[in-house]
Amino acid sequence: MSKTAIVTDSNSGITQKEADESGVYVLPMPFMIEDTTYYEEKDLLQDAFYEKMAAGARITTSQPAPDEVMGLWDRLLQDYEELVYIPMSSGLSGSCHTAQLLAQDYEDKVAVVDNQRISVTQRRSVQDALYLATEKGMNAQEIKAFLERDKFNSSIYIMLDTLTYLKKGGRITPAAAALGNILRLKPVLQIQGEKLDAFAKARTTAQGKTIMVNAVKSDIAERFGGSVDDVWLFIAHSHNESGARIFRQELAKEFPDCRIEIQRLSLSIGCHIGPGALALACARKISL
């Protein structure tokens, strides 16, 4: 067994079952639904989350309490010499900064990685960290440095099905949301580095898919070495498994012979964009 534990949060989309199978550890993220706190993958599964959302429940995201974070670290450090903690992007939540402050009490035993990723690209970072620890023998600080150098080698493009939830979160005005829904606009958002930003507007689902495919092709050509063999490709979705499967069939023509994983977008993203979204993401394969 490696001397270094690899730890993340449920914003990565890694379930507790997947964590057990792969040998990593996942801190469940808290959500406030009405006046009750739930923990992702502990007492709040994706289907139940979207059922509550469809029923109009008031849902907000939250940071894990410091004693929850340190409690997990303390338990792991009884069995491991050190750990790498990979939280969601510091640009999207304050939980990374909080973890960095907490880690100061652990000397060099806890390395908090701020590589500004979330969901499927954060998951990829966790898998890369596990490989670097078990196969390459890197220690926690070396893994942290490697992943932070690699942080911009990924992109996520997300086509929304509705503007309703961006309006609820105050990211667009009610008038803009109403007009967009009437016109059936399919905005495409981008997560690259620190922020969730507007990328393009599509009038149809087909056009939105084309925008995402062209964006990823441009990233591969201009940023990630020029070959699809050098990247991981992912489809992600918010409560839209059937749409994701159809999209993967369509992508077989654009990226032949390329294995494309389907994952669920983490609930921290789903909370802000609502159900029905489709995403196309890529991450450059690491090399040493």
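User: How do the axes of α5 and α6 cross, and how far apart do they come?
Analyst: This is a predicted model. In it, the axes of helix α5 (residues 119-134) and α6 come within 10 Å and cross at roughly 140°.

User: Is that antiparallel or oblique?
Analyst: Oblique. Angles over 145 degrees would count as roughly antiparallel, and this crossing is at roughly 140°.

User: Which hand?
Analyst: Right-handed, as α5 passes α6.

User: Which residues make the contact?
Analyst: From α5, they are S125, D128, A129, L132 and A133. From α6, they are I143, F146 and L147. By class, six are nonpolar, one is polar and one is charged.

User: What's the phi of S119?
Analyst: Near 60°. That is a positive value in a residue other than glycine. Most residues other than glycine have a negative phi.

User: Where does S119 sit, and is it buried or exposed?
Analyst: S119 is in helix α5. S119 counts as buried because its relative accessibility is 0%, and the cut-off is under 20%.

User: Switching to the sheet. What's the strand order?
Analyst: β2-β1-β6-β7. It is an open sheet of four strands, with parallel pairing.

User: Which strands stand at the edges?
Analyst: β2 (25-27) and β7 (110-112). Each has a single partner strand, so one side of each has no neighbour in the sheet.

User: How much are neighbouring strands turned against each other?
Analyst: By 25° on average, direction ignored.

User: How many bridges between β6 and β7?
Analyst: Three, in the parallel sense. Strand β6 covers residues 82-86. V84 stands opposite A111 in β7.

User: What does α3 touch on the sheet?
Analyst: Helix α3 (residues 66-76) packs on the sheet and touches β1 (4-9), β2, β6 and β7. The direction of α3 makes about 165° with that of β2.

User: And α6, where does that lie?
Analyst: Helix α6 (residues 140-149) lies across β1, β6 and β7. The angle of α6 to β7 is about 5°.

User: Back to α3. Which of its residues are buried?
Analyst: V69, G71, L72, W73 and L76. The buried residues of α3 pack against strands β1, β2, β6 and β7, and against α4.

User: At what angle do α3 and α4 pack?
Analyst: About 55°, with their axes 11 Å apart. That makes α3 oblique to α4. The crossing is right-handed.

User: Which residues meet there?
Analyst: P66, V69, M70 and W73 of α3 meet A99, L102 and A103 of α4. By class, that contact has seven nonpolar residues, no polar and no charged ones.

User: New topic: S10. Where is it?
Analyst: S10 lies in the loop between β1 and α1 (16-22). S10 is buried, because its relative accessible area is 1% and the cut-off is under 20%.

User: What does S10 touch?
Analyst: Leaving out residues up to four places away in sequence, S10 touches V26, L27, P28, M29, E40 and S266.

User: What about E18? Which element, and which contacts?
Analyst: E18 is in helix α1. Beyond neighbours within four places in sequence, E18 is in contact with G13 and R123. At 28% relative accessibility, E18 counts as partly exposed.

User: How far is E18 from L44?
Analyst: They are 16 Å apart in space, C-alpha to C-alpha. In sequence, E18 and L44 are 26 residues apart.

User: How do β3 and β4 run, parallel or antiparallel?
Analyst: Antiparallel. Four bridges join strand β3 (residues 30-33) to strand β4 (residues 36-39).

Methods:
Residues are numbered from 1 along each chain as its sequence is written. This is a predicted model: local features need pLDDT of at least 70, side-chain atom pairs count only at pLDDT 80 or more; totals for chains, interfaces and linings use all residues. Side-chain values use heavy atoms; hydrogens and water are left out. Two strands pair if DSSP finds at least two bridges between them. Helices (H or I, at least four residues) and strands (E, at least two) are DSSP runs, numbered from the N terminus. Axes are lines fitted to C-alpha atoms, for helices over the stretch in contact, and angles run from 0 to 180 degrees between N-to-C directions. Contact means heavy atoms within 4.5 Å. Angles under 35 degrees count as roughly parallel, over 145 as roughly antiparallel, 65 to 115 as roughly perpendicular and the rest as oblique. A crossing is left-handed if the near helix is turned anticlockwise from the far one by less than a right angle, and right-handed if clockwise. Ala, Val, Leu, Ile, Met, Phe, Trp, Tyr, Cys and Pro count as nonpolar, Asp, Glu, Lys and Arg as charged, and the others, Gly among them, as polar. Buried means under 20% relative accessible area, exposed over 50%, partly exposed in between (1.4 Å probe, protein chains only).
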